[in-house]
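Trainee: Could you walk me through reading strands and helices here? I would like the general idea and then the actual case.

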Amino acid sequence: MSPNTVCTSYASPLPIQIPYGSPLGPFSNSPIFTQVWNVSNPISWPADSILTRTWVLSLLNAFDWGSKYLAPSEFSLLLPIYVFGNLVSSASKILHTEPNCITIDGLGANSSVVVVGDIHGQLHDLIFLLQDAGFLADDKVFVFNGDYVDRGAWGLEYFLLLLAWKVSMPDKVYLLRGNHESKKWTSVYGFKKEVLTKYGDEGNQVYEKCIGCFKELPLASIIAGCVYTAHGGLFRSVATATSKGSKRRKTHKAEASSLALGSLEDLSKARRAVFDPPWKGSNLVPGDVLWSDPSMSLGLSSNEERGIGLLWGPDCTEEFLKKSNLKLIIRSHEGPDARDKRPGLGGMDEGYTIDHVVESGKLITLFNAPDYPQFQATEERYKNKGAYIVLAPPHFDSPVFHSFEAVTPRPEANPYYDYEDVIDSDEELDFESMG
Ligand SMILES: [Mn+2]
């Protein structure tokens, strides 16, 4: 038997040959393909604790294999909990040292930056993207805009793969936080149940460790001094973010009228290490950055649909770009379902939209999960493409869009949330009732 084309399924009483890879198998020319995964040969932590590219690639292939040939409850046999623990601890330490807003500078003449938006646990689409865009390359820097987990069936694999990459090449990949990297949201949209299913009795411990790591994720990045990226987008100034004493009893209207756009300095001061970004009180910048949406109406207002964050108009895009001396905002957060309900803004069929074009530059929404969501109640699927952006030298300010179709077929999987009853967008969840 050819070691690079077959895997042995441990679950069978007799060894059976399962063709590996095609059409989903990535990196088929990689020597890692000679690895045969089974539960008597689980992933091990390197003795020197140094994660090489080969180790990261082998993790990717193990997760890909496991998603096809293991039951979710067998996941911990592939990735033992001590490896999980070492990986998340190592990554959390690195993330903890990063500022709220990462500065990505010193890019060489041959380097480029790849920006990625929401993928929501669609592991095989991520693998395609990585292969297409240059995974583990020395001359590429990747910036992920968050929403790694929830909805899709392989959020844990996706998140851990990115953490391994981060530990291996900390200055080549930057992981920003999305609104779903939160304790409340992961308990509604599937990630918590996914982890409990995959780690059984140890599931709670694993979940808590993941949630602790989410708290460390930075909020935004500035690429080459000209591109701002964040999951939701813009945010209020700290001066108006504070509501104390009698101010707390202000009417909504009065609060809205006191809103002012925040600066990068405001962002740098935000307290990001929270399980769930608060939607009231004095620390509102993290919630704005993770939850806000652009609007075609002028001005800054409360995001009533979401119950947290802001809506900002083209005038605010201009103000932010001009004040910060930037040319581009790349944010994510809105998939085809969200855009279906937002007349006046573009649909997500191609995986991106250009929402504002102003004097100083542009605002782009970037969404990476094709054929999203993986599970949905309606018969009619969105069949949207996903897209990633490449920013190239010399100025890194002219985005090149790469749209791509979903990888088919996806391995069969059961959802980890009640997608028929849970609302199909992040809107309207009742923050108050979620405590
Ligand atoms: Mn989001």
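**Strands, a hairpin and a helix**

Mentor: Strands β7 and β8 (residues 227-230) pair in the antiparallel sense over 4 bridges. Strands (E, at least two residues) and helices (H or I, at least four) are DSSP runs numbered from the N terminus, and two strands pair if DSSP finds at least two bridges between them. This is a predicted model, where local features need pLDDT of at least 70, side-chain atom pairs count only at pLDDT 80 or more, and totals for chains, interfaces and linings use all residues. Residues are numbered from 1 along each chain as its sequence is written.

Trainee: Which residue stands opposite Ile222 in β8?

Mentor: Tyr228 does. In the hairpin of β7 and β8, with 3 residues between the strands, Ala224 has a positive phi near 50 degrees. Ile222 is also the bridge partner of Thr103, as β3 (residues 101-104) and β7 (residues 220-223) pair in the parallel sense over 4 bridges.

Trainee: What is the strand order in the open sheet of 3 strands?

Mentor: The order is β9-β11-β10, with mixed pairing. β9 (293-294) and β10 (300-302) each have a single partner strand, so one side of each lacks a neighbour in the sheet. β10 pairs with β11 (residues 310-312) in the antiparallel sense over 3 bridges, and Leu300 stands opposite Trp312.

Trainee: How many residues of α1 are buried?

Mentor: A residue is buried if 20 or more other C-beta atoms, placed from the backbone, lie within 10 Å of its own. In α1, 12 of the 17 residues are buried, so the helix is largely enclosed by the rest of the structure. Among them are Val56, Phe63 and Trp65.
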